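Hello,

Here is the structure I promised to pass on.

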Amino acid sequence: MSLFRPLIAALCLIGAAHAAPECTSESRSHWLNETVFKSQLRHQGYQVKKFKVVKRCYEIYGTDKAGRKVEVYFNPVNGAVVKSRVD
């Protein structure tokens, strides 16, 4: 069984690396309206293909104004980028 401990630890780290961040502790009553926020993103040059609420974050999949594929987590209270990945 001890041979599997390093493997299990490595798998846990991989899972943690891909986990969504916690963007805010504020109640949803303080969050930006989703429709308004999506409109703001469009004005910033994002093309949103998918919009989700994940672990107290707004998350989008789409493209940025340069046309690059992006995955971005936003703080839903102030719209700040918390984590992003560009392909």
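Why is the disulfide of C23 and C57 right-handed? The torsion about its S-S bond is about 95°, so the disulfide has that hand.

Before going further, a word on the source. This is a predicted model, where local features need pLDDT of at least 70 and side-chain atom pairs count only at pLDDT 80 or more, while totals for chains, interfaces and linings use all residues. Residues are numbered from 1 along each chain as its sequence is written, and side-chain values use heavy atoms, with hydrogens and water left out.

Back to the cysteines: with a disulfide taken as a pair of cysteine sulfur atoms within 2.5 Å, the count is 1. The S to S distance between C23 and C57 is 1.9 Å. C23 sits in the loop between α1 (5-17) and α2, and C57 in strand β2, so the pair ties together parts 34 residues apart in sequence. Helices (H or I, at least four residues) and strands (E, at least two) are DSSP runs, numbered from the N terminus. C23 is buried, at 9% relative accessible area, and C57 is buried too, at 0%; buried means under 20% (1.4 Å probe, protein chains only).

There is also a nonpolar core to look at, meaning buried Ala, Val, Leu, Ile, Met, Phe, Trp, Tyr and Cys residues joined through side-chain atoms within 4.5 Å. The largest one has 10 residues, including W31, L41 and F74. At least two residues come from each of α2 (34-43), β2 (57-63) and β3 (69-74), with β3 giving the largest share, 3 residues. Apart from this core lies another, of 5 residues, and both C23 and C57 are among them.

Best wishes

Note on methods
Buried means under 20% relative accessible area, exposed over 50%, partly exposed in between (1.4 Å probe, protein chains only).
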